[in-house]
Amino acid sequence: TILSSWDDRRKAIQVEAYTMRENLKTLKVNGSYMPAGEGKLNFSLELDKLRMNLFNPYLKGIFTDLRGIASGKIQLTGSPKKPVMNGEISMQKTAFTVDYLKTRYNFTEKLEVENNNVYFDNVRVFDQKGNSAYLTGAIRNKYLKDFLFDLTLRSTDFLCLNTTAGDNSMFYGTAYATGVVRITGPPKNLTMDITATTGKNTSIK
């Protein structure tokens with residue numbers, strides 16, 4: 001549902017919108033857009049148990065089968081060409097598969113969004129076997145484009161590879177690692193700097 005009206009004094013479009021799931025408003029948008037010049041955004045976004053699978057089309061090539069729910073508040077300012085988001089989001093029962101590694105992880109944690117960058121502050125992440133690791137760092141971007149990863153994962157016997165010959169005939173298998181993994185660079189050219197020992201259940205072919 002979208003309601004809009006023109007504010008002639010401010011030369012702005014007032015917008016109020018929301019999406020429903022049964023009786024729950026999962027996303028509420030309230031604010032204004034001033035179209036003069038490059039355009040000026042001033043919106044408040046409120047998430048209430050918003051299903052994360054809505055974002056799967058935007059994550060192709062990095063993550064698949066994103067699930068879970070998100071709640072929190074985000075302020076959207078800037079312009080349509082240069083949007084800026086700030087706020088905090090609580091992620092619940094969030095699960096995803098890392099395409100390159102074919103590993104599935106899950107976590108429940110609050111994430112900070114500052115100037116569009118998403119920050120991870122010692123977020124505890126679990127693998128498919130229930131082993132945990134701690135993630136710090138950020139996913140940075142330039143006005144929601146040109147994403148860059150700058151993440152550090154500290155793990156103990158954590159599943160970090162789960163591929164088959166069909167994924168990569170040169171290098172595949174199952175790997176559990178204890179140590180530090182640095183993940184940096186753009187999604188299409190990620191660099192993984194691994195300082196770790198492999199666990200007893202590791203089997204690489």
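Trainee: Where is Lys 11 found?
Mentor: Lys 11 sits in the loop between strand S1 (2-7) and strand S2 (12-21). Bear in mind that this is a predicted model.

Trainee: What is the phi of Lys 11?
Mentor: Its phi is positive, about 55 degrees, although Lys 11 is not a glycine. Most residues other than glycine have a negative phi.

Trainee: Which other residue has a positive phi of about 55 degrees although it is not a glycine?
Mentor: Asn 122 has one. Asn 122 is in strand S8, and at a relative accessible area of 45% it is partly exposed.

Trainee: Back to Lys 11. Which residue forms a salt bridge with it?
Mentor: Asp 8 does, with the closest N and O atoms 3.2 Å apart. Asp 8 is partly exposed, at 48% relative accessible area, and Lys 11 is partly exposed as well, at 44%.

Trainee: How many salt bridges are there in the whole structure?
Mentor: A search finds seven. One of them joins Lys 49 and Asp 48, at 3.9 Å from N to O. That still counts because the cut-off is 4 Å.

Trainee: And how accessible are Lys 49 and Asp 48?
Mentor: Lys 49 has 38% relative accessibility, which is partly exposed. Asp 48 is at 28%, also partly exposed.

Trainee: Which residue does Asp 150 form a salt bridge with?
Mentor: With Arg 182, where the closest N and O atoms are 2.8 Å apart. Asp 150 belongs to strand S10 (residues 145-163) and Arg 182 to strand S11 (residues 173-185), so the pair ties together parts that are 32 residues apart in sequence.

Trainee: Which residues are linked in a network of salt bridges?
Mentor: Asp 65, Arg 67 and Arg 104.

Trainee: Enough charges. Which residues form a nonpolar patch on the surface?
Mentor: Leu 54, Phe 55 and Tyr 58 do, and together they have about 370 Å² of accessible area. Tyr 58 is in the loop between S4 and strand S5 (63-78).

Trainee: Is Tyr 58 buried or exposed?
Mentor: Exposed, at 69% relative accessibility. The cut-off for that label is over 50%.

Trainee: What about Asn 116, buried or exposed?
Mentor: Asn 116 is buried, with a relative accessible area of 5%. It lies in the loop between strand S7 (103-114) and strand S8 (117-126).

Trainee: What does its side chain reach, and which residues is Asn 116 in contact with?
Mentor: The side chain of Asn 116 reaches the backbone oxygen of Pro 83 at 2.8 Å. Leaving aside neighbours within four places in sequence, Asn 116 is in contact with Pro 83, Val 84, Met 85, Asn 141, Tyr 143 and Leu 144.

Trainee: Last topic. What is the mean pLDDT of the chain?
Mentor: The mean is 92, and 100% of the residues reach 70 or more.

Trainee: Where is confidence lowest, and where is it highest?
Mentor: Lowest in strand S13 (residues 203-204), at a mean of 82, and highest in strand S4 (residues 40-51), at 97.

Definitions and conventions:
Residues numbered from 1 in each chain as written. Predicted model: local features only at pLDDT ≥ 70, side-chain atom pairs only at ≥ 80, totals over all residues. Heavy atoms only, no water. pLDDT = per-residue confidence, 0-100. Helix = DSSP H or I, 4+ residues; strand = E, 2+ residues; numbered from the N terminus. Salt bridge = Lys/Arg side-chain N within 4 Å of Asp/Glu carboxyl O. Buried < 20%, exposed > 50% of the residue type's maximum accessible area, 1.4 Å probe, protein only. Patch = residues over 30% accessible without salt bridge, like charges linked within 9 Å, V, L, I, M, F, W, Y side chains within 5 Å. Areas by Shrake-Rupley, 256 points an atom, 1.4 Å probe, with all protein chains shown as cover. Polar contact = N/O pair within 3.5 Å; in protein donor to acceptor, adjacent residues only side chain to side chain. Contact = heavy atoms within 4.5 Å.
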